Amino acid sequence: MVYDGVLLGLIVGLFRGGWRQGLIRFSQIHLIAGWMFPVLLLVQFIIFYAQEKWAWLASINGYLFMGIYAVGLIFLWLNRHHKGFKLILIGVLLNFVVMAVNGGRMPVSLSASEVLGPYYTDMLKSGIVISKHYMMDTTTRLSFLGDIIPLSKPYPRTQVISIGDVVMNFGMFLFIQSVMVVNKKKTTQQETHPRHA
C-alpha cells in the first residue's frame, strides 16, 4: 500500500527538513481536487467493512474498486506536475490494468502470501477472502503485475505487494521529500538574485 511510502517519506522528511519547518511545509500541501484522496480512502473502508454484512455488495465490490481506481487516476493526472506524481500515476495504472483484466480483483501469489500465515492462505485457497483480492492461478492474466512480492522481517510490516505498489510508494516518497525538504541551492539562488517587481 501507498501508506508505507507516506510514512517513510514523513520520517525522512522530518529529519531532513527539520521537525518544525517540515511539518509546516507538509501542512501547506495544495493539490488540485485534494478532497478526492480522503473521500476515495473513506469509500474503500466503507466497502471493505460493509461487504461482510451485505452479500450483494461483496458480489460487485470488484467493479466498485475499479471505479475508485478510475477516479484516483483522474486525481493523479490533474496533479501530475508535482514531483513524484507521475510515478504514483504509473503505479496505480499498473494495479488498475491487472485488476481490470482479472475481473476487478487483484491476483495474489499463494507462495508469496505464506508470509501472512496459514489463516490468510487458507482463506485465499477457499476463495472466501472478501476483498479485492483472489488467489492467482493458471487463468490469471498479467500475473507478474499481481501481488507477488512478499515482505516480512526485518521489514516492519508483513505484507504482499505488487510492482505497482512499489512504484507508487517510491513516487509518494519523492513527493513528500519535495514538499518537506527545502532545496538549499534554489533558495540561495533566489536570495542572491531576488526577483524585481
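Predicted model: local features only at pLDDT ≥ 70, side-chain atom pairs only at ≥ 80, totals over all residues.
1. On the α5 side it involves Phe-85, Leu-87, Ile-88, Ile-90, Gly-91, Val-92, Leu-94 and Asn-95. On the α7 side the residues include Ile-163, Gly-164, Asp-165, Val-167, Met-168 and Phe-170, and also Gly-171, Met-172, Leu-174 and Phe-175. By class, the contact of α5 with α7 comprises 13 nonpolar residues, four polar residues and one charged residue.

2. Helix α5 also packs against α4 (residues 55–78), where the axes come within 10 Å and cross at roughly 160 degrees. The pair α4 and α5 is therefore roughly antiparallel as well, and α4 passes α5 in a left-handed crossing. From α4, the contact uses Phe-65, Met-66, Tyr-69, Ala-70, Leu-73, Phe-75, Leu-76 and Trp-77. From α5, the contributors are Phe-85, Ile-88, Leu-89, Val-92, Leu-93, Asn-95, Phe-96, Met-99 and Ala-100. The contact of α4 with α5 divides into 16 nonpolar residues, one polar residue and no charged residues.

3. The largest nonpolar core holds 25 residues, of which Leu-76, Phe-85, Ile-88, Val-92, Met-99 and Phe-175 touch the most other members. At least two residues of this core come from each of α3 (36–50), α4, α5 and α7. Helix α4 gives the most, with seven residues. As general background, nonpolar side chains tend to be buried together in soluble globular proteins.

4. Leaving aside residues up to four places away in sequence, Met-99 touches Phe-65, Met-66, Tyr-69, Gly-104, Arg-105, Met-106 and Lys-132. A second, separate core has five residues, among them Val-108, Ala-112, Leu-124 and Val-160.

5. On the chain as a whole, there are eight helices and four strands. Read from the N terminus, the elements follow the order α-α-α-α-α-β-α-β-β-β-α-α. Of the 197 residues in the chain, 38% are buried. Where contacts join residues at least 6 apart in sequence, 69% of them link residues at least 24 apart.

6. Most residues other than glycine have a negative phi, and most peptide bonds are trans. The bond joining Lys-153 and Pro-154 is a cis peptide bond, with omega about 10 degrees. Pro-154 is located in the loop between β3 (149–151) and β4 (159–161).

7. Ala-33 has a relative accessible area of 22% and is partly exposed.

Conventions: Residues numbered from 1 in each chain as written. Heavy atoms only, no water. Contact = heavy atoms within 4.5 Å. Nonpolar A, V, L, I, M, F, W, Y, C, P; charged D, E, K, R; others polar. Axes fitted to C-alpha atoms, helices over the stretch in contact; angles between N-to-C directions. Parallel < 35°, antiparallel > 145°, perpendicular 65-115°, else oblique. Left-handed = near helix turned anticlockwise from the far one by under 90°. Core = buried A, V, L, I, M, F, W, Y, C linked by side-chain atoms within 4.5 Å. Buried < 20%, exposed > 50% of the residue type's maximum accessible area, 1.4 Å probe, protein only.
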